[in-house]
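This report walks through one protein model. Please keep the sequence and the structure in view while reading.

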Amino acid sequence: MRTELVGAGVMLGLAGLALAQPKDVQPPRDSLMCVLPPQDVPEGLWNANLWPGGIIPYTVDAAVTQQNRDRLRAAMDELESVCGVRFVPRTNQTNYVNVRNGTSNSSSVGMIGGQQTLTMVSWHVHYIIVHELMHAMGVWHEQQRADRDQYVFINFANMQSGYEGNFTIRPNASPHGPFDFESVMMYDDCSFSLCCAAGSTCGCPFSCATIQALPAYSQYQNVMGNRSYMGQGDRNSLVSRYGQPPAACYANCDGSTGNPLLTSNDFQCFLNRFAAADPYANCDGSTGSPSLTANDFQCYLNSFAAGCT
Ligand SMILES: [Zn+2]
């Protein structure tokens, strides 16, 4: 089992302004680091540890507030709109993501088998949640790509001792598309800099940066560490793994497709349909329980979504 700590700093604010703004007037960064836990998966499998069918069961620890549950769901919703994954509340699946509060933001990369933990502390930053969920979906940090040296210089002389492994190239880290400085999976340029606090990132001058864009790409120096939007590379990379999202699966129970939101009317309509067949029918065909479960509801939704075109 390998153990590694991998950090990613955070640059808050309006990404569209990042190119034009000098660093000293950029919004403050979040110094909290993204940490990847030990990953007991052979490197050769990194491209294979995707979630079958794009279905990602999850649980949320009881200590997570409703506000943060809503934030988590919003991040999941965005990812579901980008590619063919669906985050579903776990019922009895063996492999699932357990989301809980932590002292860092962290996630295993891809489906590793059994319960895997995703911890969040930066709940207030939507794209940090997205970042961690993308790890869980199988995406490594952008600067670990095999081609990164064509775009950036990793300045080890500026690096805090003990963090060098965070900049190790992973041949399969992000194999799709061109290098994406804007990626939400890209470190910011001061990660683990000697000019920042131990184990952290901060705003730092170019001379202190641990990741220095090569001259041909200097306009991206301040873009690295974007946590304000998903880059096109992020989107393409996810689609390459999980396919396109089921774009038209917004069928309502009355047969219309205009509204992407499932309403209580739709739910009642589903219930009526199934009740008409058997008042206690479960979606799996059993009839033993009079109680409608979340599993039944999800199953109903799946059966209707399957009819979408
Ligand atoms: Zn990360």
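## Terms and model

A residue counts as buried if 20 or more other C-beta atoms lie within 10 Å of its own, as exposed if 12 or fewer do, and as partly exposed in between; the C-beta atoms are placed from the backbone. Helices (H or I, at least four residues) and strands (E, at least two) are DSSP runs, numbered from the N terminus.

The model is predicted: local features need pLDDT of at least 70, side-chain atom pairs count only at pLDDT 80 or more, and totals for chains, interfaces and linings use all residues. Residue numbers start from 1 along each chain as its sequence is written.

## Overall make-up

The protein has five helices and 10 strands. Of its 309 residues, 36% are buried. Two residues are in contact if their C-beta atoms, placed from the backbone, lie within 7 Å. Among contacts with a separation of 6 or more, 73% join residues 24 or more positions apart.

## Helix α2

Helix α2 covers residues 126–137. Which of its residues are buried? They are Y127, I128, I129, V130, H131, E132, L133, M134, H135, A136 and M137. That is 11 of the 12 residues, so α2 is largely enclosed by the rest of the structure.

The expected span of a helix is 1.5 Å times one less than its number of residues. For α2 this gives 16 Å, and the end C-alpha atoms are 16 Å apart, which agrees. G138 follows the helix with a positive phi, near 115°.

## Helix α1

Helix α1 runs over residues 66–82. Its 17 residues should span 24 Å; the end C-alpha atoms are 25 Å apart, in agreement. L72, A75, M76, L79 and V82 are the buried residues of α1. They cover an arc of only 115° around the axis, so they sit on the same side of α1. The arc is that of the directions from the helix axis to the C-beta atoms.

The face turned away from the buried side carries exposed residues: Q66, Q67, D70, A74, D77 and S81. On the buried side, the packing partners are β4 (55–60), β5 (86–89), β6 (96–101), α2 and α3 (232–242).

## Parallel strands

Two strands pair if DSSP finds at least two bridges between them. β4 and β5 pair in the parallel sense, over four bridges. Here I56 stands opposite F87, and P57 stands opposite V88. Together, β4, α1 and β5 make a right-handed β-α-β unit. A crossover is right-handed if, with the strands pointing away from the viewer, the path from the first strand over the helix to the second runs clockwise.

β4 also runs parallel to β6, joined by three bridges. T59 has N98 as its bridge partner in β6. V60 has V99. β6 in turn runs parallel to β8, with six bridges between them. N98 stands opposite T117 in β8.

## Nonpolar core

A nonpolar core is a set of buried Ala, Val, Leu, Ile, Met, Phe, Trp, Tyr and Cys residues joined through C-beta atoms within 7 Å. The largest one holds 50 residues; L79, V85, V130, L133 and M137 touch the most other members. At least two residues each come from β4, α1, β6, β8 (115–120), α2, β9, β10 (211–213) and α3. α2 gives the most, with eight residues. In soluble globular proteins, nonpolar side chains tend to be buried together.

Where does V85 make its contacts? Leaving aside neighbours within four places in sequence, V85 is in contact with W51, G54, I56, L79, E80, M137 and Y242.

## Two loop residues

D149 lies in the loop between α2 and β9 (152–154). Is this residue buried or exposed? D149 is exposed, because 12 other C-beta atoms lie within 10 Å. D149 and A213 are 64 residues apart in sequence, and their C-alpha atoms are 9.4 Å apart in space.

F192 lies in the loop between β9 and β10. F192 is buried, with 26 other C-beta atoms within 10 Å. Its phi is near 60°, a positive value in a residue other than glycine. Most residues other than glycine have a negative phi.
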